[in-house]
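Here's a quick briefing on a fold and its ligand site. Have a look at the model first, then read on.

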Amino acid sequence: MRLIINSGGARATDDWRSNFQACAPELEVVGWHEDVDPASVDYALVWEPDPGRLATFPNLKLIISAGAGVDHILADPQWPRHVPIARMITARTQTEMAEFVLTSALMLTREIKRAVDNQARRHWEFFDSARIAAELRVGIMGLGHLGAASAQLLARVGFQVSGWSRGNSRLEGLPTYAGQAQFGEFLAATDILVCLLPATDSTRGILNAATLSQLPRGACLINAGRGSHMVEQDVVAALDGGQLSQAVLDVFEEEPLPPESALWSHPGILVTPHCAAIPDRRERARHTAFLIAAYERGEALPNLYDTQRGY
Ligand code: GLV
């Protein structure tokens, strides 16, 4: 069985080979840039595949996204519609995301960025940030595996957590809101808004002026979904006008975030480099091997892309 990989560039191919050797020695791993007979490719593990390339493999059985999102595959107008796409969601990525959201929420709670900025200027400024988690309401948008894991961890630490999704997803033991009809009510009860939505046509630009204006004044934002969820100038305007007090942004419309972006130097924004939940190659190889083995046995695969839902 042959697996072609587009993730990490040509330099990563040897590392991929040794990771797969350890967990699935029967798989023959081929780098995206290596010469290969297209008809011999059974599986593809990809991140941002070059448009048109997946369609050249006539016997492709399964596409495995190297990340939780599939938007980077759907961006290829020719992606082969008859081939299922599996999303990379593992127990570890759920924990990574949950811990990233928790870290961000605690940093926002205690205004840690303000101290970090002051330290860079050797400036001692006492400010009262002695809020505790139990005093803050965290609202999580997107209640898939990553949203649910984040909600439960934050609740365990003491935050008042609720969730919102476009459909009717529930969170065990926590309040949830659904759809456009309950969006305003959800936002009004949220001090820290967390975006973990999938990138679809209906979630594009959802973090806009109208949405942000329904939060309590001075609320915080954590975006670990996609850059396309944010209307960037609306987020900046909300921060400048005090509607938002702080934001942690891990994802951007253009990545890497260009050096000239105003977001880098905004005092209210902590920029992180799309690092919230990125499994390492060992983890991705293990999960890919698991998916391929399950496919070969004819079993149902978890977290397949669903055309109806759009993610
Ligand atoms: C990364 O953002 C992913 O889709 O996992």
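Strands β6 (residues 137–141) and β7 (residues 160–165) run parallel and are joined by five bridges. Strands here are DSSP E runs of at least two residues and helices are H or I runs of at least four, both numbered from the N terminus; two strands pair if DSSP finds at least two bridges between them. Keep in mind that this is a predicted model, where local features need pLDDT of at least 70, side-chain atom pairs count only at pLDDT 80 or more, and totals for chains, interfaces and linings use all residues. Residues are numbered from 1 along each chain as its sequence is written, and side-chain values use heavy atoms, with hydrogens and water left out.

**The sheet**
- R137 has Q160 in β7 as its bridge partner.
- β6 and β7 belong to an open, parallel sheet of seven strands, ordered β8-β7-β6-β9-β10-β11-β12.
- β8 (176–178) and β12 (269–271) are the edge strands, each with a single partner, so one side of each has no neighbour in the sheet.

**The ligand site**
- Around the ligand (heavy atoms within 4 Å) sit W47, G67, A68, G69, R226 and H274.
- Polar contacts are pairs of N or O atoms within 3.5 Å.
- A backbone N or O atom of A68 is 2.5 Å from a ligand oxygen, and one of G69 is 2.8 Å from a ligand oxygen.
- From R226, a side-chain N or O atom lies 2.7 Å from an oxygen of the ligand.

Definitions and conventions: A polar contact is a pair of N or O atoms within 3.5 Å; within protein, one must be able to donate a hydrogen and the other to accept it, and residues adjacent in sequence count only if both atoms are side-chain atoms.
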